[in-house]
Amino acid sequence: MVYDKKDVTLALAGDPAAFSRLYKAIYKDLFRIAYYTLSERQDAEDAVSDAVTDAWKGITNLKEAGAFEGWIITILIRKCNRCLAGRYRRSEFIDTTPEDLSG
């Protein structure tokens, strides 16, 4: 990911324009990670959106500007894992075995 670390410092201070620049700089990479993990475009877009929203809300939890990349990827991976878990839970309720369909 290529972003200006000065923007991280400014975002930590509450500058929404700096965070917006960070978002623009990292969106494609975040989307690639989410899409690779989830294999569905809409789910990947939702996971990135949720991760970026959570990152902005929790930017003060970031301890070092240099840790931004790993921090936001961790947030994204958690979002992706929740999405996958939701898919698994939904699939438990749908049984499409042939013997059940012949009914």
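Tutor: A residue counts as buried when its relative accessible area is under 20%, as exposed when that value is over 50%, and as partly exposed in between. Please keep in mind that this is a predicted model.

Student: Is Phe31 buried or exposed?

Tutor: The cut-off for a buried residue is a relative accessible area under 20%. Phe31 has a relative accessible area of 14%, and therefore Phe31 is buried.

Student: How are the rings of Tyr27 and Phe31 arranged, stacked or edge-to-face?

Tutor: A pair of aromatic rings is described by the distance of the centres and the angle of the planes. Tyr27 and Phe31 are four residues apart in helix H2, so about one helical turn separates them. Their ring centres are 6.1 Å apart and their planes stand at 20 degrees, and since planes under 30 degrees apart count as stacked, the arrangement of this pair is stacked.

Student: Which residues do ring pairs link into a cluster?

Tutor: A search of the whole structure finds six aromatic pairs, and the stacked pair of Tyr27 and Phe31 has already been described. Ring pairs join these two residues with two further tyrosines, and the cluster consists of Tyr23, Tyr27, Phe31 and Tyr35.

Student: How many nonpolar residues does the contact of H2 with H3 have?

Tutor: The two helices pack at an angle of about 145 degrees, with their axes 9 Å apart. Among the residues that make the contact are Phe19, Tyr27 and Leu30 of H2, and Val48, Val52 and Trp56 of H3. By class, the contact has no polar residues and three charged ones, while the number of nonpolar residues is 15.

Student: Leaving aside its neighbours within four places in sequence, which residues is Leu30 in contact with?

Tutor: Leu30 is one of the core residues that touch the most other members. Once the neighbours within four places in sequence are left aside, the contacts of Leu30 are Met1, Val48, Val52, Ile72, Ile73 and Leu76.

Student: What is the phi of Ser39 near?

Tutor: Most residues other than glycine have a negative phi. Ser39 lies in the loop between H2 and H3, and Ser39 counts as exposed because its relative accessibility is 52%. Its phi is positive although the residue is not glycine, with a value near 60 degrees.

How values were computed:
Residues numbered from 1 in each chain as written. Predicted model: local features only at pLDDT ≥ 70, side-chain atom pairs only at ≥ 80, totals over all residues. Heavy atoms only, no water. Core = buried A, V, L, I, M, F, W, Y, C linked by side-chain atoms within 4.5 Å. Buried < 20%, exposed > 50% of the residue type's maximum accessible area, 1.4 Å probe, protein only. Contact = heavy atoms within 4.5 Å. Phe/Tyr/Trp six-rings, centres within 6.5 Å; stacked < 30°, edge-to-face > 60°. Axes fitted to C-alpha atoms, helices over the stretch in contact; angles between N-to-C directions. Nonpolar A, V, L, I, M, F, W, Y, C, P; charged D, E, K, R; others polar.
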